[in-house]
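Good morning. I have one structure to go through today, and it goes up on the screen now.

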Amino acid sequence: MRDDSTSVRNLVIGMLLVAAPFAVAYLLTRGNPNADILLIVAIFCVGLAVTFALASGLQQLGGVVIRLSGRPPRDIMIVGLAALSVLTPWTIAVDVANLHQIFGWTNPLAWLMALGLLTSVTQSARPYHGWGLVAAGLALVGWVGWAGFVLTTPSFSKFPFTFVPVDLLSTGWYAGLIGWVIAVDAFAARRGREPKLAQPKDVWPLSLTPGMGLVRLGYAGRGRLWLAAALLAVAFIGISGVNDSEFAYWAHYNTTPPDRGRLDVALGAAALALVLVASWIDTWRSLRRREIMGDWLARVRRRSQSESR
């Protein structure tokens, strides 16, 4: 079945036609105790028809928005994630430690991150795309540092529970991180397609994000494999964090959850560090191979020029 407006319309009409006889049969036999089954089937078919119709409408609306904006879907996704990051919390609430949820619109670092992402997709600010990504990245790292600092204050250190910064991070920070990763990948891929040969000073700053130095060199597939490995490690760390509902439950007893040790977080952080170091080594080897190949080509060129004389 083709995924276009005609096929979706035919599917919606078909589901309504299936629902109609069941609805008529229910009206004729509604005095029968088993007639409710006919109503359930009719409602189910109508529900499917409405769902498909709404999905098709949203898809067409999204296509219209993209066409009117004239921007690629990736840029629109980055803008949406920046907005989501500002509108959602950057921390969870830990009542026993008097930490309340901090929303993005009250957080200067969230605004800095959003401004950096918006700069990275603004055509008129093309010379500043890299600086926008640097500002957004520093805002994300700075918030993790702030969370780590808060955990050293007496409000948290007095409890026997082993807190880690990921316990405090919430939806807004993760939305900003996803938007930043997408923006860095787009920036590196765009620069990697330039005819000018990438210099080490162009590659190493991007290599701070696993695999992006390789993408800048033109090895997009290999670079994104390193990026995917790093994202898996970050996802594992995020899953290992204690959620706000658990803190809220134990807050009724004016305490924290039982200490569980945080080996899972430590293993995730170690895996992330290992991926980062391995991607650096891969980037260095790629640069080194290119340098050796360039020297070899230069010697061959000089030799051919001398022989031609």
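Thr209 counts as buried because its relative accessibility is 8%, where buried means under 20% relative accessible area, with a 1.4 Å probe and protein chains only. This is a predicted model, in which local features need pLDDT of at least 70, side-chain atom pairs count only at pLDDT 80 or more, and totals for chains, interfaces and linings use all residues. Residues are numbered from 1 along each chain as its sequence is written, and side-chain values use heavy atoms, without hydrogens and water.

Thr209 is in the loop between helix 8 (200–203) and helix 9; helices are DSSP runs of H or I, at least four residues, numbered from the N terminus. Beyond four places in sequence, Thr209 is in contact with Trp180, Val184 and Leu227, contact being heavy atoms within 4.5 Å.

Now the core. A nonpolar core is a set of buried Ala, Val, Leu, Ile, Met, Phe, Trp, Tyr and Cys residues joined through side-chain atoms within 4.5 Å. The largest one has 31 residues, and among those touching the most other members are Trp90, Leu117 and Trp180. Helix 7 (171–192) is among the elements giving two or more residues, and helix 7 gives the most, 11.

Leu117 touches residues including Ile78, Ala136 and Trp180, with sequence neighbours up to four places away left out. Leu117 is also one of the buried residues of helix 4, along with Met113 and Ser120. The cover over the buried residues of helix 4 includes helix 3, helix 5 and helix 7.

Terms used:
Buried < 20%, exposed > 50% of the residue type's maximum accessible area, 1.4 Å probe, protein only.
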